[in-house]
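Here's a friendly tour of some side-chain contacts in this protein. Take a look at the sequence and the structure first, and then we'll walk through the pairs one by one.

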Amino acid sequence: PIPQQTQQQQQQQQSKATTFTYQHNVSVLFFLSPVLAILWFHPSAYPLQVFLFVVLALYGVDLANDRDLTVVGIWIAFCMVSATNAWTTFMEIITMEGNPQQSQPQHYYYVMMAVLQISVETLLFLCLACWSTLQLTWLHSDMPLFAHQMERLLHSVLPPTCATVLSHQLTTLVVQKNWGTDVATTFLPYLFCGLLTAGMLWIGSLPSSFQSSTSWSDTKKDNHHNNHNDNNHGSTTVEPTYIVSSSAARIHSMLLLLGPALMHVGAFSRRIMSSYASYDEWQDLMLIWSIPYLLHYMICMFHHTQKWTSPYQLTLLFPKAVSTGTSLRGAFVPICVSVCASLALQQRHLIPLCHFVSYHFNGHDLPSTTIVSIYLSIGTLFALFAVWINGRKSSTTHELLFGEYQEDVLQVAIGGAGAFFGRAMGMPWSLLPLPVLLTLGLTVWISTGMLRFLMIVLFTVHSAMTLLFSYRYGGIQYTIPTALLGYEVNLFRLGMAAVAASCMIGS
């Protein structure tokens, strides 16, 4: 018979083992999806065939309940798939050597890019092997330290690797085929920046599944700097033990801040330094330097407001806020970067869009870029003011900031934003009630969800399109044959029917 004390110890060990389970499968699987894209769109079919073969082999080993062979088989499969992928990629480079039109520098460039591509794809296969190892539930109880290291390795390597592979695949297969190489090269750093930010939020900012164990004091030491200042301010919130270490978090931050800008500079260095360079090149450069900074600042603000917990804290670039709110020292640099980014975004993308819309109202009599920029800036200030005062209360009286006039001030701010945005789009002063009513109805409909306010939005859209077709296209005497036998419709009537149909579908 087993002694009672031994049975109690076994029950305690089993209860502890049941708590050590990996809990982040959904978010990790979403970022591991580029593995299938690599294998499916690979020029050779050998990597996909080897991958399917090893998956079936591992499934058979798992059915045999051989635990040690399953773990060894996962890492042997990782080596086989990585070696096959590297071999087929280099074979593509070798076949290109017979091209007489290819110069020697082009060959070296292709070899260097192939080595970089193989390295990144091997890291992604490594992440898949780590995730497969974490699916073995017995590993969490028998080898908890090894499982914890697998979890840390997976969440440290996956965000930058997935952002690199997925941004390259999307720009190559979608953007470059539809809009050309120049647009794809310009869009690639922004896509990489957005994907890396998403990975830092949903992969790197997760708490460890094994944080209840007391044997991993090194992880707590790595993340002690995150809550040290909060304890000094008297905060009682206990932050979780993050999966990624402080060094891995710094690497993610540096990749986010420097990676997109270095991509852009490397691709457009000759165009930027050329004597014929226009202001568009410098505005693109300003955008690609400022947007990653603002995204990283957004991650830090999520940490301060406790909506998202995050280990990504760079005190020198992003000073921590005090307990009562963001200090002026911490907000001065983000405000300056936001102003520069907004001006560059206006001149590079928003003003051409405003001129395109304004052409349909005013023809070739377009406003200057300075006037449009002023309208957009004032409208943005009104919108930011509306967001700031929404639900804002006094810190001393805990009452609404404007008392009983809070909703009136909020509506005036929203209407002012709509009016100035309408002026930037070229609408005359007599038509300004339409954008004002549109913004008011849209914000109230989003906040309340009532269909009556959606009908207001559809009514304003219908009125604007009616005026546009009346003034711009009403005098065009052009008929369009329809599918009905012997029936033709005027261009103006066809446009009005399309607008009415869109409003009916929306309602």
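Let's start with aspartate 142, which counts as partly exposed because its relative accessibility is 44%. For that term, buried means under 20% relative accessible area, exposed means over 50%, and partly exposed is in between (1.4 Å probe, protein chains only).

A quick note before going further: this is a predicted model, where local features need pLDDT of at least 70 and side-chain atom pairs count only at pLDDT 80 or more, while totals for chains, interfaces and linings use all residues. Residues are numbered from 1 along each chain as its sequence is written, and side-chain values use heavy atoms, with hydrogens and water left out.

**Salt bridges**

How many salt bridges does the structure hold? There are 3 salt bridges, a salt bridge being a side-chain nitrogen of Lys or Arg within 4 Å of a carboxyl oxygen of Asp or Glu.

| Arginine | Aspartate | Closest N and O atoms |
|---|---|---|
| Arginine 67 | Aspartate 142 | 3.1 Å |
| Arginine 348 | Aspartate 284 | 3.0 Å |

Back to aspartate 142, then: its salt-bridge partner is arginine 67. This pair links distant parts of the chain, with arginine 67 in helix α5 (residues 67–96) and aspartate 142 in helix α7 (residues 137–142), 75 residues apart. Helices here are DSSP runs (H or I, at least four residues; strands are E, at least two), numbered from the N terminus. With a relative accessible area of 40%, arginine 67 is partly exposed.

Arginine 67 also has a ring to sit on: it lies over the face of tryptophan 138, at 4.4 Å from the ring centre. To count as a charge over a ring, NZ of Lys or CZ of Arg has to be within 6 Å of the ring centre and within 35 degrees of the ring normal.

Arginine 271 is partly exposed at 38%, and aspartate 182 is partly exposed at 40%.

Aspartate 284 is buried, at 6% relative accessibility, whereas arginine 348 is partly exposed at 26%.

**Aromatic pairs**

The structure also holds 6 aromatic pairs. Rings of Phe, Tyr and Trp (its six-membered ring) pair if their centres lie within 6.5 Å; planes under 30 degrees apart count as stacked, over 60 as edge-to-face and the rest as tilted.

One of the pairs is tilted, because the rings of tyrosine 375 and phenylalanine 420 have their planes at 45°, with centres 6.2 Å apart. Tyrosine 375 is in helix α15 (residues 369–389) and phenylalanine 420 in helix α16 (residues 406–424), 45 residues apart. Tyrosine 375 is buried at 15%, while phenylalanine 420 is partly exposed at 23%.

Phenylalanine 420 pairs with phenylalanine 382 too, with centres 5.7 Å apart and planes at 15°, so that pair is stacked. Ring pairs link Tyr375, Phe382 and Phe420 into a cluster.
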